[in-house]
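Visitor: I've got a chain on my screen and a few labels I'd like to understand. Can you walk me through them?

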Amino acid sequence: MARGHQKALSQQRNLKKQDAAKKGQGIDQKTAAQKALNFKCVVCMSQLPDPKTYKQHFEVRVQFINCSTSTFV
Ligand SMILES: [Zn+2]
């Protein structure tokens with residue numbers, strides 16, 4: 001009986017450990033995602049995940065702005 005009870009207890013502990021690990025991973029992924037959005041577009045304030053995307057986005061934006069200003073000018 002005692003052994004069975006201990007086994008159940010250790011199983012519960014293992015489950016808790018796994019849960020904690022899962023939660024920890026979730027937090028890590030969230031932080032990583034937030035960290036990844038370090039590139040903020042100065043034009044429209046969008047957050048971009050990496051320099052390449054930022055550059056592409058910025059080029060499109062700047063072209064768009066140039067076009068619209070030249071239309072107005
Ligand atoms: Zn932008």
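This is a predicted model: local features need pLDDT of at least 70, side-chain atom pairs count only at pLDDT 80 or more; totals for chains, interfaces and linings use all residues.

Visitor: Why is residues 47-48 called a strand?

Guide: Strand S2 covers residues 47-48, and a strand needs at least two residues, so that run qualifies.

Visitor: Which elements have the lowest and the highest mean pLDDT?

Guide: Helix H2 (residues 51-72) has the lowest, 74, and strand S2 the highest, 88. The chain averages 76, with 67% of the residues at 70 or above.

Visitor: Why is Met45 called exposed?

Guide: Met45 has 7 C-beta neighbours inside 10 Å. The cut-off for exposed is 12 or fewer, so Met45 counts as exposed.

Visitor: Where does Met45 lie, and what is its phi?

Guide: Met45 lies in the loop between strand S1 (39-40) and S2. Its phi is near 65°, a positive value in a residue other than glycine.

Visitor: How much of the chain is buried?

Guide: Buried residues make up 0% of the 73 residues.

Technical notes:
Residues are numbered from 1 along each chain as its sequence is written. pLDDT is the predictor's confidence in each residue, from 0 to 100. Helices (H or I, at least four residues) and strands (E, at least two) are DSSP runs, numbered from the N terminus. A residue is buried if 20 or more other C-beta atoms lie within 10 Å of its own, exposed if 12 or fewer, and partly exposed in between; C-beta atoms are placed from the backbone.
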